[in-house]
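Please keep the viewer open beside this text and follow the selections in the order given. Each stop says what to select and then what is found there.

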Amino acid sequence: MAISQTRAAAISSIGIRALSYFFLRWAMLPFGPALIFTLFAIYLPTFVSGFRKEPKYNLVDEVDVVVTETTIRDDNAEEDESPGAPTPSGNEKVIAEQVDIQETISIEKRPLHALRTLLSGAPNPRSLALSALTFLINAALVGFVADRLFRERFYGAEDLSFARVGYVGEHEAKLLIREPDQTKLPINVQIHLKDPQPPFDNPLWQSVGGVRWTGNETDYTAVVTIPLRNSGRRTYEWKTSNNHTGEFTTPPKVGSAFETDEGPFTFLSTSCIVSRLPYNPLDHPLAIPGMRHLAKVLPSLGAQFMLFLGDFIYIDVPRYWAKSTEEYRKKYRQVYASPDWPAVGQNLSWIHVLDDHEIQNDWSANTTGVYQNAIDPYNHYHAAANPPLAKKAGALSARSGATYFEFTQGPASFFLLDTRTYRSNNKIAFTDDAKTMLGAGQLEDFIAWLRRPEPKGVKWKIVASSVPFTKNWGVNTQDTWGGFLTERKRILEAMWDTASRGIGVIVLSGDRHEFAATKFPPPMNSTWPETATVFEFSASPLSQFYSPIGTYRQRDSEDVEIKYINKGNSKFGAITIENLEGGDQSSLKYRLFVDGEEVWNTVVLSPPVVIEDVRPAIAAGSWWERLFAWRR
């Protein structure tokens with residue numbers, strides 16, 4: 001009985017150690033803690049019972065068998081002593097065998113097997129110290145899992161006060177402020193130029209607005225829109241009366257990548273954040289290791305903004321505790337309350353895209369169910385500080401109820417897709433012509449944006465998609481654009497049209513916790529030239545697990561692999577655009593950073609004009625564009 005209990009303790013111990021390592025260092029799967037706690041509930045009594053009842057000594061039973069042979073002469077046999085006479089067989093000699101059996105029973109100490117005890121976690125009745133040590137290893141692992149699972153629950157950050165920079169344009173900047181302490185209201189916001197140039201620039205602090213009140217309706221958040229009066233690319237310092245400070249830099253004017261005394265136009269892209277992975281028991285409960293990697297290289301990048309492509313929170317990791325609006329709000333507060341946030345968010349504009357874990361894993365149920373609870377904090381913390389909503393096709397304003405954004409800065413125009421609110425159910429066949437990820441309205445506005453002429457000097461259209469555009473990821477393809485191939489084909493054709501007019505199209509995505517660079521060349525013998533190729537750079541996570549087993553593989557000539565890297569708990573891309581001399585072409589350099597180190601880069605050139613665009617570069621919404629939209 002004792003031996004079977006010891007074996008059960010060893011088996012449950014191995015399970016505890018393997019699952020704990022996986023949960024704490026690789027992936028915080030929601031079912032992990034329940035399995036680990038169950039195994040520990042088995043391990044504890046079997047360990048104690050095995051230690052108490054399993055003998056400290058082995059019973060050694062030795063049996064010695066002694067065989068003695070005796071030769072006996074037969075005196076009755078006739079003797080024939082003549083020379084050469086044969087010896088009678090069978091009756092002259094008889095051999096007698098005497099068998100003696102000796103059994104010795106002794107007791108001896110069992111082998112110590114110290115290494116086996118420590119590795120297996122099984123009790124060792126010979127050593128209380130070894131048994132206690134191996135037990136404590138398992139108890140510590142279970143404690144670490146419990147710490148990661150429960151301790152952050154005590155950090156609801158209800159009293160969090162912070163301010164962050166949202167969208168920054170040429171003429172305005174957005175500052176998101178959260179202040180639950182009503183004694184600090186109203187809040188006054190002031191800015192001044194960091195590097196005033198006398199005598200033309202005013203070096204004094206100027207009041208630019210503020211917040212009169214905050215309430216529970218918005219989780220005590222408000223957005224201040226700051227008017228910017230200085231032209232050109234300038235850096236401003238800001239401060240609030242509730243003791244928050246920072247800075248932001250305005251973008252270059254539309255059509256420019258850089259000015260004579262400033263660097264090129266650079267921005268960042270990534271997605272996916274979860275706290276304390278890989279787990280470190282010494283970390284703060286809200287620590288985000290990937291942000292430390294970003295903070296290390298951020299000063300050297302000169303980034304204009306962070307384009308964050310979703311999964312800013314993981315409502316279901318490490319466990320889906322509740323579906324209430326307050327639970328979703330708490331997740332946002334915990335990220336902004338992280339001690340690692342200020343180093344990457346105080347002086348950098350963050351622009352956000354919605355993805356599934358802000359709602360629920362692999363979300364494809366539109367605005368039903370838990371969506372309204374989930375979208376509440378997303379709107380208050382992210383959408384409210386985002387760029388302007390995308391314009392309705394052929395109109396000056398956004399479509400009613402739109403949840404997607406667009407803006408133009410320097411040499412690039414951006415469209416931020418909403419891939420969750422309008423999509424068809426993932427389980428519908430990918431060949432179904434009616435299946436949509438964007439919905440009819442967003443798709444129409446998106447294609448109109450692709451076809452829209454851009455001002456001189458704007459050489460790139462950047463598409464932000466929370467999920468990969470390529471179908472090369474074989475795991476859960478239905479949640480990516482690989483599950484919406486009919487709609488993807490229509491979009492690709494519009495992208496090839498755009499690239500044929502000399503505007504490069506780049507798709508930036510995340511979600512996969514891996515990196516892949518993919519190109520989408522036009523079909524052979526088509527009307528589109530090879531230079532109209534579309535490129536995608538998919539990079540994530542900023543701070544999450546990665547798959548040790550590769551899941552990306554090129555399957556055909558439609559989606560061509562350029563580079564694939566799966567390893568790394570922290571990945572982000574830095575995109576730098578420079579207009580080349582003469583202004584007819586532009587370069588886009590993509591640099592991939594893994595765990596804070598640059599590991600790969602590539603350069604893409606904007607395509608030459610093949611299909612001449614007879615439409616003038618005009619402001620969106622002019623009578624000419626509306627006429628063109630009507631004719632389409």
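**Stop one: histidine 171**

Select histidine 171 and, leaving aside its neighbours within four places in sequence, display Ile226, Pro227 and Leu228, with which histidine 171 is in contact, where contact means heavy atoms within 4.5 Å. The model is a predicted one, in which local features need pLDDT of at least 70 and side-chain atom pairs count only at pLDDT 80 or more, while totals for chains, interfaces and linings use all residues. Residues are numbered from 1 along each chain as its sequence is written, and side-chain values use heavy atoms, with hydrogens and water left out.

Histidine 171 is found in the loop between E3 and E4; helices (H or I, at least four residues) and strands (E, at least two) are DSSP runs numbered from the N terminus. With a relative accessible area of 60%, histidine 171 is exposed, on a scale where buried means under 20% relative accessible area, exposed over 50%, and partly exposed in between (1.4 Å probe, protein chains only).

**Stop two: helix H8**

Select residues 371-381, which form helix H8; 8 of its 11 residues are buried, so the helix is largely enclosed by the rest of the structure. The buried residues of H8 are Tyr371, Ala374, Ile375, Asp376, Pro377, Tyr378, His380 and Tyr381. To see what covers them, show elements including strand E3 (162-168), strand E4 (172-178), strand E7 (221-227) and helix H6 (325-336), together with strand E12 (349-352) and strand E13 (405-409).

**Stop three: threonine 498**

Move to helix H10 (residues 485-500), where threonine 498 lies, and note that this residue counts as buried, at 0% relative accessibility. The side chain of threonine 498 reaches the backbone oxygen of leucine 450 at 2.8 Å. Not counting residues up to four places away in sequence, threonine 498 touches Leu450, Arg451, Lys461, Ile503 and Val505.

**Stop four: strand E17**

Which strand is joined to E17 by 6 bridges? It is strand E18 (residues 534-539), running antiparallel to E17, and two strands pair if DSSP finds at least two bridges between them. Valine 534 in E18 is the bridge partner of phenylalanine 520. E17 also pairs in the antiparallel sense with strand E19 (residues 560-565), over 5 bridges, and here alanine 516 stands opposite tyrosine 564.

Conventions:
A polar contact is a pair of N or O atoms within 3.5 Å; within protein, one must be able to donate a hydrogen and the other to accept it, and residues adjacent in sequence count only if both atoms are side-chain atoms.
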